[in-house]
Amino acid sequence: MTRLAASGIDVTVGAGRTILDSVSIDVDAGEVHALVGPNGAGKSTLFGVLAGDITPASGAVELDGQPVDDIRPQLLARQRAVLLQENTVTFPFTAEQVVRMGRAPWARTPAADADDEAVASAMAATEVLALADRSVTSLSGGERARVALARVLAQATDVLLLDEPTAALDLKHHEDVMRLIRTQAEAGAAVAIVLHDLNAALAHADRVTLLSSGRVAATGTPAEVLTAARIEEVYGQPVDVFPHPSTGVPLVVARR
Amino acid sequence: MTADSRTQQAEVATPTPRTHRRLRFVVVLLVLLVALVVTCVASISSGQYQLSPSDLVGVLLRGIGIDTPWAPDATADDGVISSIRLPRLVLGLLVGAALAVSGVLMQAIFGNPLADAGVVGVSSGAALGAAASITLGLASFGVWTTPVFAFLGGLTAVLAVYLLSRSGGRTEVVTLLLTGIAINAIAGAGMAFLTFLGTTSTREQIVFWQLGSLNGALWSHSALVAPLVALGIVVALVVAPSLDLFALGERTARHLGVNVELLRIVVIVTVAVLVCAAVAFAGIIGFAGLVVPHLMRMLIGPAHRPLVIVSAVGGALLLALADLVARTAVPLADLPIGMITALVGGPFFLWLLVRTRRRSGGWA
């Protein structure tokens, strides 16, 4: 079932420079849909359009069949959560206070009774309980990224938009977070995620949309989309793609 | 930096952080209130005409119709207190609360801890409006004329700063300060022109505005200012939870359900209301909006609802103290209160600048 769908999205800036050119993407319930592509391909712009931050010149974004522009911010926030790459916090709020902000859309609803529980379980899942009383301004980049992810999980929506949630994370936390995101999808969430790491997309995504110069180069299962020939064509870098010796999951390695 | 992380580690050991924070808020609020009462009593009883605490109680009780043996015989006491010192004290409390809460609001929507009505030129804008209404002899809104023009001047200034200095939902320190310099310069030019146009008496009033003073405060001033301050504080308390979300950045605040455009307009108008209330009869009193929210944030943390409450009380306390010093530091002289707050606030501002610069590794 399609939860979030964008169709025919055009975005231009300034004197008609095209950033996105009739891009369409849909995200189904229960799937992790990865957005990949080289720098400047338009991933962040498409992400901004899906999140409702950027109004496209033409095209429509619909959540459960309803145009997102027509949904009041507060109601929208109860249906989908967004994690941006940039997670600066202006004042020294504690990690726990920041995660609790994820519960703001549920204020004055019956769901607010579950605030404490949602905050605690989101912090446990992202392993930030030990940081609860630290001020976020004193945390490292990776810790701050996990606190931000906990905030998004605490929001308890079943549509998630995540812009490179693993960019600042070490190997272990990278894997933990990707597994956590898979768990969310298996529980029925529709997840759109921007990824740089093609191996992460191959290992964890159900579908991949590859952007190239503002257009969709290919969309489908990771193995279909991320072939050696297509990666080389889009990224301009020769690669080898071969199955992992034990799991059989394809691996992408740059040819050096 | 190490000291910081050490205290934070100490806090991790605290078993119930939220109760801990609430307790801290209550303690800070009580201490501030006690200090405020003490300062008020000291302020009313001291000056050229000294009163002992028992005289004071007697005079105050007589004021509400209760005769006690404490009251001194001379009715001059009543006059000094009820028509000079009390109205001045009350106006000072209102102005202090207004400036401090306007500081909380500005720092929240600018996403910058250095935003303050004086620094970015909102006070100058309001003072220019007020001065224009006096010099040009306008009376279009009756007793409300000066506050209305102060409001229009302040609103123009805060809008200009807001539109000119932000990018990506935040304001860099340098951009904010440079915009403030420009706005202050423009308002200064306007002031100079009005000084040139004005008569000797309006000139005196303009100078008085630029220095900031509570001298000559009347009960009628407080009566005009009080509802504006009350309105500003109530709005600040209502929007406080949204301001917390604003600390995550404008986009994220929107993703969490905040109607960002509406919030911005409401906060900007509220800042203009509070600053006009502060400036209309007391002139430009700098740095209160900067120093108070900062100190309070250090004491109770950044959550905006408790911050607005303790900042309002803290601002009132700061101005009551500053005015007490202004009246009594030099015998037979009434120093401008703006000078006192700037004397405290200026060095504090420098310290903040250095700290902000060190933390963000440059002029971020």
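In which loop of chain A is A:Glu127 found? A:Glu127 is placed in the loop between α4 (115-125) and α5 (141-154) of chain A, where helices (H or I, at least four residues) and strands (E, at least two) are DSSP runs numbered from the N terminus. The model is predicted, so that local features need pLDDT of at least 70 and side-chain atom pairs count only at pLDDT 80 or more, while totals for chains, interfaces and linings use all residues. Residues are numbered from 1 along each chain as its sequence is written, and chains are lettered from A and ligands numbered from 1 in the order in which they are written.

The backbone of A:Glu127 has a phi near 55 degrees, a positive value in a residue other than glycine. Most residues other than glycine have a negative phi. A:Glu127 is partly exposed, with 16 other C-beta atoms within 10 Å; a residue is buried if 20 or more other C-beta atoms lie within 10 Å of its own, exposed if 12 or fewer, and partly exposed in between, with C-beta atoms placed from the backbone. A positive phi, of about 50 degrees, is also found at A:Asp64, which is not a glycine. A:Asp64 belongs to the loop between β4 and β5 of chain A and counts as partly exposed because it has 16 C-beta neighbours inside 10 Å.

Strands β4 and β5 belong to an open, antiparallel sheet of four strands in chain A, with the order β2-β1-β4-β5; two strands pair if DSSP finds at least two bridges between them. Its edge strands, each pairing on one side only, are β2 (17-28) and β5 (66-67) of chain A. Eight bridges join β1 (residues 2-13) of chain A to β2(A) in the antiparallel sense. A:Val13 has A:Arg17 in β2(A) as its bridge partner. Helix α1 (residues 43-51) of chain A packs on the sheet and touches β1, β2 and β4 (58-63) of chain A. The direction of this helix makes about 125 degrees with that of β1(A); axes are lines fitted to C-alpha atoms, for helices over the stretch in contact, and angles run from 0 to 180 degrees between N-to-C directions.

Chain B contains 14 helices and zero strands. Of its 364 residues, 50% are buried. Among contacts in chain B between residues at least 6 apart in sequence, 77% join residues at least 24 apart, two residues being in contact if their C-beta atoms, placed from the backbone, lie within 7 Å.

Within chain B, helix α12 (residues 288-300) packs against helix α13 (residues 304-328) at an angle of about 130 degrees, with the axes 9 Å apart. The two helices, α12(B) and α13(B), are therefore oblique to each other (under 35 degrees counts as roughly parallel, over 145 as roughly antiparallel, 65 to 115 as roughly perpendicular and the rest as oblique). Residues that meet here include B:Val291 and B:Leu295 in α12(B) and B:Leu307 and B:Gly314 in α13(B). The residues of this contact divide into twelve nonpolar, three polar and one charged; Ala, Val, Leu, Ile, Met, Phe, Trp, Tyr, Cys and Pro count as nonpolar, Asp, Glu, Lys and Arg as charged, and the others, Gly among them, as polar.

The contact between the chains takes 25 residues from chain B and 25 residues from chain A. On the side of chain B that touches chain A, two or more residues each come from α1 (2-12), α9 (219-246) and α10 (250-255) of chain B. The largest share, five residues, is given by α1(B). This side of chain B divides into ten nonpolar, nine polar and six charged residues.
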